[in-house]
Every structure is written in C-alpha cells, then in structure tokens.
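Let's walk through this structure together, one part at a time. Please have the sequence and the 3D view open as you read.

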Amino acid sequence: MNETGSTASEATAADNTPVDKSELARKHYVVAGKMFLLAIAMFGFGYVMVPLYEVICEVTGLNGKTGRISAVESERRLEQTLAGNDADALQREIIVEFVGIVSAGGNWEFRPNEREMRVKLGQQYVTSYFAKNLSTQPVVGQASPSVSPFAAAKYFNKTECFCFTRQEFEAGGSRDMPVTFVIDPKVPVNVDRVTLSYTFFKSKDQQLSSVTFDSGEPSGS
Amino acid sequence: MSAYDTAHHDDHDHHGPAPGLTRWLYTTNHKDIGTLYLWFSLLMFFIGGAMALIIRAELFQPGIQIVDPMFFNSMTTMHAIVMIFGVVMPAFVGLANWMIPMMIGAPDMALPRLNNWSFWIMPFAFTIMLSTLFMDSGGPAGGWTLYPPLTLQMGDSFAFVIFAIHFMGISSVMGSINIVATIFNMRANGMTLMKMPLFVWTWLITAFLLIASIPVFAGAVTMLLTDRYFGTSFFSAAGGGDPVMFQHIFWFFGHPEVYILILPAFGVVSSIIPTFARKPLFGYDSMVYATASIAFLSFIVWAHHMFTTGMPLAGELFFMFSTMMISVPTGVKVFNWVATMWRGSMTFETPMLFAIGFVVMFTIGGLSGLMLAITPADIQYHDTYFVVAHFHYVLVPGAIFSLIAATYYWIPKWTGNMYDEKLGKIHFWTSTIFVNVLFFPMHFVGLAGMPRRIPDYSLQFADWNMIASIGAFGFGFAQIIFVWVVYKCVRGGEKATDEVWEGAVGLEWTVPSPAPYHTFEEPPPLAVINKNHF
C-alpha cells in the first residue's frame, strides 16, 4: 500500500499544474477500491480462520483435541516401536483418568464406568461410559472429547469411540458406550497422568434414524 | 461525475454553510462533519460515563444495593461498547476530519459524501444499541468481548446488538477508506509523506488497522448471529464447533483495536508537546517507524488475552515475547516525547498539561501492561481488577486525556476564541487527581484477587472500592467543567490569533481563526509547506 502512497506523492510533487479533477476522482476511486477490497478480504479471512484453527488444533493438540487412528494403524505403530530401539518406552505406564460432564441444561445421566486405568504405552485398551436419557422424549446426543494436559492430547489416539458418531436414545433409554484408545509411545516423558474428559451435549441435529423406532433397541455402538 | 466534483461545485455557490438544520444533515464539509463527530462523542462520553457511575455506585459498598446483577452486567458491557465505539473512535475520526485536510493543505476529504454517510450511520447504530437496554431481554450483559456461549444466551435483543455493531463497523471502515484516500491523493504539492504532521501519520496507520481488523470482527459477530439463528455451529461444541475459537477471532480484531484507540492519541501528543516545548519533535522519523512497528506487532500478539485458555508452551512463549516487544517502539515514543521537552522553553497551558499527564499516566498503564504480558503472572492477574486498572490507565488518562488535550489545543482554531485558561487548568488538576483516585486503587484490589465484572465483592476489598468510587464521581463531575469551557469558548471569549500558540508548527496555523468554511481551495505554496513541518 505504501507504493500507492509514494506514487501519489511523486505525481503530486512532479506536476505543478492545477490538479485535474476527473484525474483526481479516478485516483480516489482506485485507492478507495483497493481499501474496499482489503476490507472484504479481511472479512473473508475471519472465516478462513475457522478451518485454519481446526488444522492448528489437530497438529498441536491445542484445546485437547484427541487423535483418531485405525486399529490397523495402531498395530503397525506398535510393531514399528518394537522393531525400533525405543522398546523401553513400551514399559512406561501412565494413569488415565476418565471424566464425564453433562453440558448445561442436558437431561442425561452420563459417567465413566471406570474412574481411572493404569495403561502401558502402545497398547490398546477398552473402557466405557454409561449414558441414560432421563427425559420422556427420544434424543440424540453427541460427546465432545478433551484431553489434558494439552501436551499429551495429540498422543492420545482413539481407534473406536462413541464420540465419533451421534448417539440416539429413546425416552428413558440407556447403555454403555465403549471407547478404545492407545497412547502413542512418543508421549512426552514428563506426562505420567492424562485426563480424558467427555462433555455430553444434546446434538444440534435431532433427526432420529428410523432404525431406532423399528427395532425398539438403542442404536449406535 | 464524482462525489468530489459535485460537492465542490455546490459549495462554490455560497461559500458558507447552508442555513438551518439541513446543513448538518446534508453537509459534506469536512469541518461540519468533524464537528458532528465531536459533539456526538461528547454526548456518548456522558452516556458511557453515567453507566460507569452506576457501576461505581453499586461497588461503593459490598453487597447489592442499587441495581440488580443482570443490569449491573449490562452496564459494564454497555459502558465498554459506548466508550470504545461511541467515544474514543468517533472522537478521533472527528479530529481527523477537522484537522487532516488542513494539515496536508487539502480543500476537503477525498470522498465527502461517503464522509456524510460515515457519520450519520453512527447515531442510528447507537440508538439501536442503547435501545436494547429498554427491551424485555435487556442489553448485552456478557461483556463487550461477546464471548460465546454466554453471549448467545441473552434474549432476542442480541440481534439488535449484532446489527448495531455491524453498522458501527461499516461506519469506521468507510471513514478509514476516506482518510486513506485523502492522505494518499489530496496532499498539497510538496507535502511529502515524511513532511506530514505525526497526527496525519498515526491516522494513516490507524486507518489501515481499522480496514484490516474491523471486518474480522464483523465476521466473528456474523458467526455468532448465524450460530444463534441459522443453525450453524461455529462456536457450539454440541455441533462440533469450539467457543475458544471465537476468542482467537475476536482478539485478532481486538488487539489491533486497542492500538486504533491509542495511535491517534500518540499523534495528538506529538503535535502538542513540540508546540509548548518550543522545540521540533525529537526523532520524527523514529516516531513514524515506531508507529508502523506497533501497528504490525499488534496483529501477532492477540493470544496474550487468552493465556488461561490453555495453550502449548511454545504459543505462550511466542505471545509473551511478541507482546513484550511492543514496549520497544512504545518506549521509543515516550523517550522521544521526553527528549522533546528536554531543555525546551516550556510553558504549561492546558493542552500541554493534558499532554504531559498523558505521557506520565499512559506510561503507568504501559508498565502494568508489561506485567500482564508475563504469562505466569498473567494467570494470576487474569480477569481481576488489575486488568481493569491497566486498560483504564491507557484509555482514560491515555486516549481520553489526549482527546481533551486536542480539544483545548485546536478549539481556538475551530471557534476563533480562546478558551478560559483558568477553568482549563482547574479541569486538568481535578481530572488528574480524581482519575488516579479512581484507578490506582484498582491495582491493589486486583492484585489481592478481586475479579472484574461482578456487582458484589468480599469485605476485604471494601475500603479501596469506596475510594475508587469517590474518585469516579469526582472525575465524572470534573468533566462538566470541560463542557462549560467548551460552551463558553463556542459562545465567545478573547479572540484567538491565526497562530494561536507561539511555538505552533503546521499548516493549520496558517489559516485564519476561526478556520473559514473552506480552506486551501488553492493549495498552500511550497515555501509555506517547507516552513511548517518538523
């Protein structure tokens, strides 16, 4: 933008004839147009920050966003670690604590079935959360995970989780919902305790799948 | 055909303002629009001030005495919105309108009709904003930062708040576009960029900050609006969004915004101090570069407002160091002001008193800002009254004092009359004493742990809160002196000379006092320009 400024000043300084008004008006429109485009671009940038933020969270584990890997990938990584020299890391144990929170206004019972587990790095573990719909209406829930400390978040990988899908409950329905996780052996050495927390929301999308009503059984896994 | 042409020809017919009220409605004259902006912000200053006094009255003693907590919260929120968007920003735009064309030897702003629009949007925006206080669901009460999910829980007056904010943003962006076009295209022959007064420089940079940051804010509030009414989930975790993301987007706007509020103040003070020290400004070039550096840095420090949201260590370190880095260019400015005064033949007229008050007290606010930049310390200070003390020190004896200083400095040029110097000095001393009685104790209660935005507090904070409230009422009533001085000066008084001040430098002092309705229809000769810059 400074180029515009210096060009303008040179032009103004160069000619000592009175300024041609239509020429001046044209220059106003050029500058105003550029500034207007900048404003529009910055409005767009605000929206670009949304996907950008997602990516940054995924890469850094910011906000405790956990990783998701396939069971096959989990096996492959374990083999890789065993083959490598860092097999010692597999002997490390970490305590994983489980927390369940119901978001404000939610009419649920929601809690982990185990308070904490001692886990070895690189191994897959399964635990479960219990949820019960206390209302008289069928509802769809959605769990949102968070891991603290954040430094551990990106090493906390889930191969299977009830948070991956929407959870449908009929009125008064309840069930245990499993989560399978593995902690990457590369987790920083100063981490000896990790808390996995789920907040259970009423999903924004309350469209029930027809299966729920036909079978009369709770759907989801 | 252009707005510029039309305005120019119209004005040629009568060489003076149109009679009656429509003068103000249809005016495209930069001086008229500047005046409208300044009166508007003065009115808003008292509305926002009244809200502050309601807050301080409630906090005079612990317990809930005067207002209910919800209304208290909407007072803190509205006070911030009114003071930021309704007082400091429009007042500086008003000064820009009045002074920039006269300082660069231009006949008017580049886009006079746009200018008229920029102003006239504001009263409507604030009518809408303030009307929410009288709606069933009340005004916004979740803080001016509008954090979700809290802010999404307010009643349907929420839509009015967002609408009003959009209007304020449109007004600011249009005003800024106009200022950039004016500075780039309308400078008189020979007025090179590096001869421009610093007020013009700081406004040029501020205009860029506004154009680059206000639209981001517009985007953020639009996301809030669609989250609330159109089923999107930008900030709702239930739909896969993240409320912390709002804070990132908001502060990406919010931090440049705080420099929008203070950079023009730097320009004002850089104009006033050389005049009354009767010395050229020390380090003009470094002032320009420092302003530009501050503007650049303001875009990469936003997350220091969110140290407690949990950030990777690397992020905390980056935002801590980049924030501290801002104290370097700011320090350059403070040292330059002090060096300008060094061995000058100083006199202490009211504008100079306010300018010196600015330098001293803005620096106090700057130092507490540096304390807040330290991540581990900030975790203790976060959302306490220490933060309130910090930003009020940079905004009240900072931005507001500079606006008052600018008014005393240029009002003889605007009205052709000298203001009442004795009353001006009384205004300065009462303001300065009470502003410190008001805000200094907030450091103590903040460090002791008093949280901000609460209507009630623990007993151990009672004494300092009472003192702060006394300071608040003292400061508030002291501003009535200011209105009285301005009123007297507009009505009459000792005639001002064209130069007004003995040591004043700048093209605005080469035109008669009061400044005629049209100035610099013929650009000033090169010799005049070269004689009138730092």
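**Strands, domains and a partner chain**

Strands here are DSSP runs of E of at least two residues, helices are runs of H or I of at least four residues, and both are numbered from the N terminus. This is a predicted model, in which local features need pLDDT of at least 70 and side-chain atom pairs count only at pLDDT 80 or more, while totals for chains, interfaces and linings use all residues. Residues are numbered from 1 along each chain as its sequence is written, with chains lettered from A and ligands numbered from 1 in the order in which they are written.

Strand 9 (residues 174-183) of chain A runs antiparallel to strand 5 (residues 124-133) of chain A, and nine bridges join them. Two strands count as paired if DSSP finds at least two bridges between them. Strand 9 of chain A is also joined by five bridges to strand 7 (residues 156-161) of chain A, again in the antiparallel sense. Along that pairing, A:Glu160 stands opposite A:Thr180.

Now turn to another group of strands. An open sheet of five strands in chain A has the order 4-2-10-6-8, with mixed pairing. Strand 4 (116-120) and strand 8 (167-169) of chain A stand at the edges with a single partner strand each, so one side of each has no neighbour in the sheet. From one strand to the next, the twist averages 30°, where axes are lines fitted to C-alpha atoms (for helices over the stretch in contact) and angles run from 0 to 180 degrees between N-to-C directions.

Let's follow the order across. Strand 2 (residues 93-102) of chain A pairs with strand 4 of chain A in the antiparallel sense over five bridges, and here A:Glu97 stands opposite A:Glu116. With strand 10 of chain A, strand 2 of chain A pairs in the parallel sense over eight bridges, and A:Val99 stands opposite A:Ser197. Strand 6 of chain A and strand 10 of chain A run antiparallel, joined by eight bridges; A:Ser144 stands opposite A:Thr199 in this pairing.

Step back to chain A as a whole. Its domain assignment, which is automatic or taken from a database, gives domain 1 (21-60) and domain 2 (66-206). The C-alpha centres of these two domains of chain A lie 40 Å apart.

Where does chain A meet chain B? In all, 41 residues of chain A are in contact with 40 residues of chain B, contact meaning that the C-beta atoms, placed from the backbone, lie within 7 Å. Elements giving two or more residues to chain A's side include helix 1 (2-14), strand 6 (139-148) and strand 10 (193-202) of chain A. The largest share, 20 residues, comes from helix 2 of chain A.

Chain B has 17 helices and zero strands. Its radius of gyration, taken over C-alpha atoms, is 23 Å, close to the 24 Å that the globule rule (2.2 Å times the number of residues to the power 0.38) gives for 534 residues, so chain B is as compact as a globular protein of that length. The C-alpha atoms of chain B fill a box of roughly 65 × 55 × 45 Å along the principal axes. Among contacts in chain B between residues at least 6 apart in sequence, 83% join residues at least 24 apart.

Notes: Contact = placed C-beta atoms within 7 Å.
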